[in-house]
Every structure is written in C-alpha cells, then in structure tokens.
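We will go stop by stop.

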Amino acid sequence: MIVTNISIFSGDPQFAEQNLNVLARTNGIEAAWRMALRDNPADALTAISGPFAIGLQVEDGSALLAVDRFAVETICYRIDDAKIRFAGRADELADESEIDAQAIFDYLYFHCIPSPRTIYKNVFRLPPGHFATFKQGLLNIQPYWTPKFTPQIDANFDVLKSEFLDLLESAVQTELKGSKPACFLSGGTDSSTVAGMIRKASGMRPATYSIGFEAEGYDEMEYARLASKHFQTDHHEYYVTPGDLVKAIPQVAAHYDQPFGNSSALPAYYCARMAQQDGVSRILAGDGGDELFGGNTRYAKQRIFSWWQFIPAALRQGALDPMFSSRWAQGTPLFSKGHSYVSQASVAMPARLQMYNLLLRLGIAEVLTPGFLALVDAEGPAKHQQSVWDSVGSASELNKTLAFDWRYTLGESDLPKVRETTKLAGIDVGFPMLNTALLDFSLQLPDAYKLKGLKLRWFFKEALRGFLPDEILVKKKQGFGLPFGVWLGKNPSLFELARDSLHTLSERGIVRPDFIKALMTQKLREHPAYYGEKVWILMMLENWLRAHAPAYKI
C-alpha cells in the first residue's frame, strides 16, 4: 500500500510528529496510516489530542478523513465518478457546483451552514469528532468520539480545584508553542483567565488585545483594562468604527468558504489584525469555557423551564396549562409572563432553544419568497438539531445542552469566526480551553458544579477566586457584541452598504422584496439592535454571493 495523497490541516506544525506516530507507535506516517486504514480508525483517532483535520488517500483510491472533536480545523470532500477528493475549504472543491438552496435556508436559520452540508451541492464538510472511510467507491461516515458524561458522585472541591488549575496552566503552556505570548482580552472570565495563565505558565508579560465600541451598552473595555492591570499585561486597544465595517465587510464575507453570519467576526478580525501589526504570530483565545463549564445564561433559563415538568401532571394539565395558555392570559399584564413561561416550558428540548429564532419569529413565509421555499425543507434545521441532541445519548438536560452547544455554538460558529478571521489577519490561533485533558475533566464534573441552582459556571469561578479580580467574576457576560443596528441609523455609509446589499439580494429571488423594504424603512427604526441582526445576516449573505456566485438566482 502506497500513500499517494496526504493532507494535514492543523495549526500545529509538530502535529504529524506528535500525533500520527501515536496511531501506529512507529516513526513513519505511511505505516501509521496503513494501520489506521486496516485496523480500527476510531480507536486510532481517539488517541489523538488537540485540533486536527487529516485526509489520506492510497494508490487504490481508498481514503481516510478525520477531524478533531470540535472541528477546530476542518476538512471537506466530494465524490465524482467513484473517486473522492478532499481539501481544507469547501470552495477549493466547488468546481462548477451549483449553490445549494437548502444551505442558504440553513444559513438564514442558523447564521451559519452546519456540517455536513456546505453552500455547494455535492461538497460536504466532515462534522466534529467524525471520520470517513472511502473504499471501493463507498463512503462510510461515523463518529469516533461522542461525549460521555460521568459526573463524580463524591466530588471533592479542593482536589478538583488543584487538578483544574494545573490543567489550565498546562493547556495554556501547550498552546503557546514558544511564540510571543499573546491573547485576545475581552475582559470576560475566559479571556482574563487565559491572560493570567499565560503570565503564570510562561513567566513573561503577555501581550493582550482588546476591541472597544463607542456605543452605550456594548463597550467592555473597562473590564479588559482591569484584567490587564491585574496581570500586568502589555495591553493594546482598538476602537472599531462604522467606517471600519464599511471597509472590512466585503473582505471578511468573501474570505469564508461559504456564507457566515456571526457578527463578532468583524471585531475579531480587527483585534487579530492589531496583534499581527504588533509582531504577534500566534494568539490565544478563550472560546470554550462557557460551553464546557456552564457559563451561558441560557443554561439557567432552560433550568427554570425544566421546573415545569416537576409540577404534578394533574395540576399542570387540569389547571395551570388551560389558564396560562388562553388568549385572555396572553393579553392580561398580570398573567402574560405566565403565558410566556408555559408556552416555552411546554416545548421539548432542543426545539425550545429556538423559541426566539429570528427567522421563525418573523415568519418564514413573510421573509422568504414562495419560489425559494419550494426548493427547501423548512423542517431541515429542526431535524438536524434533533439528531445532534439525540446523539449524546443518556445525560442530564444540562449536559445534553452543553454538548449541543459544542456542535453549534463552538464547532459551527465561534471557532470558525476566530479561526478564519485570524487567518485573514495573517496569524495563527490556539484555544487552550478546548484542551483534550480539560474537556475530559469537564465531563466528570457534577451538574451542580456547572450550574449551582441558577449560578452559572460555579466551580470554574470558585476555583479561580483569588486568581481573577472579583469584578470580573461577577460581571455579566458580553464578549465582542457588535452595535451594528445602532450604527446603521447613525452612519450613512454603513446604511448605504446594507441597503445596497439587501436590494441586490432581493433580486436573486431568495428574500421577499416587500420584507426587505419593511425591514429597512420600518422595523429597523422600531428596534435597531433586534432587527439589525437580520440586516447583518442578509448583508453578509449577499456580500459572499457577490464574491463567489455573483450570477446566482433561483
């Protein structure tokens, strides 16, 4: 067996030496992959830690593809004439492929296109934690890793705290890889922890990079400065302006291999560019802490909804449900909150997580044209989410929600946001919070250590009490939220870019022209922040199409 094509997509140049040899316990890549193909790829891949995406093809046309547990790195593939090709980006395999209308619908629903689908028909992306074998013209895809939560019954806080702090320091040390120590710093718990651990692990003064906004309710620079002062970092700041968005939106949209709608990509890009201009070649990010250790506000919110199921069924069905589900209750101020609670609590997970999905609340038929809707399965995203939810197997609702977020919030949104914008800026990025040992540690934590009552990431914060400033431990989560909707009403150039983008999009037959008119002339004025998100999603879609498929129409 001769290896004819091998690709390793990884931010770590030592990946092959450190990990491929683990597969076969030999010194040869070819021998290692021969064993993986011949024996048990799942066991071989489970032995690998850290981010990776690998594709290998041998002379008879057989191939093995694999991607890490979170899809920090990615690999795409297509099959033509019983032959497989693969690459790190979907657009590298596009050839003359048509745009997939279902992928556009998925984008409008999720604000990204979850794997395995890509924007191109016949081009697919391997999902996180999966591998694919291709033999004799047949493709087989399956997970080599799924989360197995094994909460400790008799957890000892002091023992776990000591282990956790050691793991954090080791994870940061591993991700530095000898480069100039540097990290993003939003002033939140995760980025501040990374900054402090860089100082502790390296003994050096880390460079930290923060983004601010001249918009009330969006700027967190005071917390970034607090963390910088606490850990004595070499701090750098940049305030993003509406003019920066006008310049960068077409560039950032076009850089992605498919439409991508996470608005924090623009701040992340400017932050990474600032670091690159300062001589940084590798920067660390704090993504993952919330999702591993229970830090997102929706976890507490969903726990409140779950309490509904503990009320005796006779009381729920005989009295409370009829009373609060009535139109009278909906229109009565005293009972309207009860109506909202019951209507949401009665919906099973994971569908409940989409109760505020912007596309659904606006109305699919009110937003999209009949011709476009005739091409898609409007239930496709819900089916996708249910399959991901079910794949976790037996676990508490909290842990299933965490694993659900590993797929959608991390793998499909936040990680591509940071990975691609740092690439565009010309630097590499590491995610110490997603270290495999930290992940395994989190799987063993009791639920109450992640969400204690309604206290988010209880263990994480208590373990870091005294290390992080108290002000950061108690602050509300915000991150790099972009005041796009607010700026639309104040900056003519930004508004013109958005209006022109949406006007062109309306001519493609995807979105109803009357909806776009109402969105830009009425809804945006009523609630700039809320409806600004919809403008952003549509604008980024159009700017991607302009760069990659300018002639596309349904």
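This is a predicted model: local features need pLDDT of at least 70, side-chain atom pairs count only at pLDDT 80 or more; totals for chains, interfaces and linings use all residues.

Start with Asp500, which counts as partly exposed at 34% relative accessibility. Show both side chains. Arg546 and Asp500 form a salt bridge, and their closest N and O atoms are 2.9 Å apart. Colour the two helices around them. Arg546 sits in helix H27 (residues 528-548) and Asp500 in helix H25 (residues 492-506). The pair links distant parts of the chain, 46 residues apart.

Next, select a group of five: Arg89, Asp91, Arg419, Glu420 and Lys423. Salt bridges with shared partners join these residues into one network. How many salt bridges does the structure hold? The count is 33.

## Two buried salt bridges

Select Asp257 and Arg125. Their side chains meet in a salt bridge, 2.9 Å from N to O. Asp257 is in the loop between helix H8 (242-255) and helix H9 (265-277), while Arg125 is in strand S6, so the pair ties together parts 132 residues apart in sequence. Are these two residues buried or exposed? Asp257 counts as buried because its relative accessibility is 9%, and the cut-off for buried is under 20%. Arg125 is buried as well, with a relative accessible area of 8%.

Move on to Asp190 and Arg457. They form a salt bridge too, with the closest N and O atoms 2.5 Å apart. Asp190 belongs to helix H6 (residues 189-202). Arg457 lies in the loop between S15 and helix H22 (458-463). The pair therefore ties together parts that are 267 residues apart in sequence. Asp190 is buried, at 10% relative accessible area. Arg457 is buried at 2% relative accessibility.

## A three-stranded sheet

Switch to cartoon view. Find the open sheet of three strands in the order S5-S4-S6, paired antiparallel. Its edge strands are S5 (83-87) and S6 (124-125), and each pairs on one side only. Strands of a sheet pair through backbone hydrogen bonds.

Select strand S4, residues 76-80. Two bridges join S4 to S6. Click Tyr77 to find one of the partners: its bridge partner in S6 is Phe124. Now look to S5. S4 and S5 pair in the antiparallel sense over five bridges. Here Asp80 has Lys83 as its bridge partner. S4 and S5 also form a hairpin, with two residues between them. Stop at Asp81 in the turn, which has a positive phi of about 55°.

## A covered hairpin

Select strand S2, residues 53-58. How many of its six residues are buried? Six of the six are, so S2 is mostly covered by the cut-off for buried, under 20% relative accessible area. Show the side chains. In a regular strand, side chains alternate between the two faces of the sheet. Ala53, Gly55 and Gln57 point one way from S2. Ile54, Leu56 and Val58 point the other way.

Ile54 stands opposite Ala66 in S3. The two strands form a hairpin with four residues between them. Click Gly61 in the turn to find a positive phi of about 95°.

## A kinked helix

Select helix H19, residues 397-425. At 1.5 Å a residue, its 29 residues should span 42 Å. The end C-alpha atoms are 39 Å apart, which agrees. Now centre on Leu410. H19 has a kink of about 45° centred there. Step just past the helix to Gly426, which takes a positive phi of about 90°.

## A nonpolar patch

For the last stop, keep the surface on. Which residues make a nonpolar surface patch of about 430 Å²? Select Ile304, Trp307, Phe310 and Leu454. Leu454 lies in the loop between strand S14 (451-452) and strand S15 (455-456). Leu454 is partly exposed, with a relative accessible area of 39%.

Definitions and conventions: Residues are numbered from 1 along each chain as its sequence is written. Side-chain values use heavy atoms; hydrogens and water are left out. Two strands pair if DSSP finds at least two bridges between them. Buried means under 20% relative accessible area, exposed over 50%, partly exposed in between (1.4 Å probe, protein chains only). The expected span of a helix is 1.5 Å times one less than its number of residues. The bend at a residue is the angle between axes fitted to the seven residues ending there and the seven starting there. Patches are made of residues with over 30% relative accessible area and no salt bridge: like charges are joined within 9 Å, nonpolar side chains (Val, Leu, Ile, Met, Phe, Trp, Tyr) within 5 Å. Accessible areas come from the Shrake-Rupley method with a 1.4 Å probe; for residues, only the protein chains shown count as cover. A salt bridge is a side-chain nitrogen of Lys or Arg within 4 Å of a carboxyl oxygen of Asp or Glu.
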